[in-house]
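Here are my notes for someone opening this one for the first time. Have the structure up beside you and go point by point.

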Amino acid sequence: MPRPLIAGNWKMNGLKGTVAEFARMMEGYDRTMKARVDLLICPPATLLATLPVVALGSRIAIGAQDCHAKASGAHTGDISAEMIADTGATAVIVGHSERRADHGETDATVRAKAEAARRAGLIAIVCVGETEAERRAGLELDVVRTQLAGSIPDNATGAELVVAYEPVWAIGTGLIPTMDDIAVMHATIRAELVARFGAEGESMRLLYGGSVKPDNAVAILGVPNVDGALVGGASLQAATFLDIARAYC
Ligand code: PEP
């Protein structure tokens, strides 16, 4: 089984003062947790130059929330995977549903960004997930299969690619799928990855994301083929983020 990963997506939250909250995460990530679970925090780009330095020696990895597909050039406001790697960060989320919805990112865009991550030596966390209407129509497995096929680059490996299944209707709403629904989806994702990448597909970590909290973490993280979580709101506080990770201890 792949080593579990709990990743925090701070979204557009966090000022310089938030570094103190991050320091509390470092303090709380004790030896038992370090032995059992990896932690990753993805702050806003404004803190990307700071947190990798603060995190040195803590074994909490730092990642970005997005990258441009190109290495450099005339792309005002964007940052490249190479720039992210230059800060000391080691991962980047690509294809989050908020970027797919707010910025019109297609599977092809997401795939180009995941390729950029590989080019720069970053782990890409590729997000997929259905909308509420798609689930109501019974299309969730087809939607996610299509997103996986279009968003994940050829020759992806377990060392450099993580998949996050995030039902759009569960993000920030307090709603979660049933454990059976998560199991079916994660088994489907695993089967797709193994069919395409063989043993590498077995070793890719599959995260569940969408309203993960300390009180549902044990149940969700115990579902087969769930190798961790992508956590939004509950990653903003050290106590709740660490409580989620403690589900593995
Ligand atoms: C997310 O945005 O990736 C997410 C899972 O958010 P939340 O945990 O707040 O639902």
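1. Start with helix α11. On one side of it, Asp 215 and Val 218 are exposed. Across from them, Asn 216, Ala 217, Ile 220 and Leu 221 are buried. Looking down the axis of α11, you'll find those buried residues within an arc of 125°, so they line one face of the helix. Keep in mind throughout that this is a predicted model.

2. What sits over that buried face? The cover for the buried residues of α11 includes β1, α9 (179–197), β7 (205–209), β8 and α12.

3. Helix α12 spans residues 238–245, and its buried residues are Ala 238, Phe 241, Leu 242, Ile 244 and Ala 245. Down the axis of α12, these fall within an arc of 155°, so here too they line one face of the helix. The elements covering them include β1 (5–9), α1 (19–28), α2 (31–36), β2 (38–42), α11 (214–221) and β8 (228–231). So α11 is part of the cover for α12, and α12 is part of the cover for α11, because each helix is listed among the elements over the buried face of the other, a face that in α11 spans an arc of 125°.

4. Now the ligand. There are 14 residues around it, and Lys 11, Glu 166, Gly 172, Ser 211 and Gly 232 come nearest. Sorted by class, that shell holds four nonpolar, eight polar and two charged residues.

5. For Gly 172, go to the backbone, where an N or O atom lies 2.7 Å from a ligand oxygen. Gly 232 also uses a polar backbone atom, 2.8 Å from an oxygen atom of the ligand. Taken alone, the ligand exposes 290 Å², and the protein buries 97% of that.

6. Most residues other than glycine have a negative phi. Lys 11 is partly exposed, with a relative accessible area of 21%.

7. Asn 225 is another one to check. Its phi is near 70°, a positive value in a residue other than glycine. You'll find Asn 225 in the loop between α11 and β8, and it counts as partly exposed at a relative accessible area of 27%.

8. Back in the loop between β1 and α1, have a look at Thr 18. Is Thr 18 buried or exposed? It is buried, because its relative accessible area is 19% and the cut-off is under 20%. A polar atom of the Thr 18 side chain lies 2.8 Å from the backbone nitrogen of Leu 15.

9. Last stop: Ile 60, in strand β3 (residues 60–64). With 5% relative accessibility, Ile 60 counts as buried. Leaving aside residues up to four places away in sequence, Ile 60 touches Phe 22, Met 25, Met 26, Tyr 29, Leu 39, Ile 41 and Ala 55.

Conventions:
Residues numbered from 1 in each chain as written. Predicted model: local features only at pLDDT ≥ 70, side-chain atom pairs only at ≥ 80, totals over all residues. Heavy atoms only, no water. Near = heavy atom within 4 Å. Polar contact = N/O pair within 3.5 Å; in protein donor to acceptor, adjacent residues only side chain to side chain. Areas by Shrake-Rupley, 256 points an atom, 1.4 Å probe, with all protein chains shown as cover. Nonpolar A, V, L, I, M, F, W, Y, C, P; charged D, E, K, R; others polar. Helix = DSSP H or I, 4+ residues; strand = E, 2+ residues; numbered from the N terminus. Buried < 20%, exposed > 50% of the residue type's maximum accessible area, 1.4 Å probe, protein only. Contact = heavy atoms within 4.5 Å. Arc of directions from axis to C-beta.
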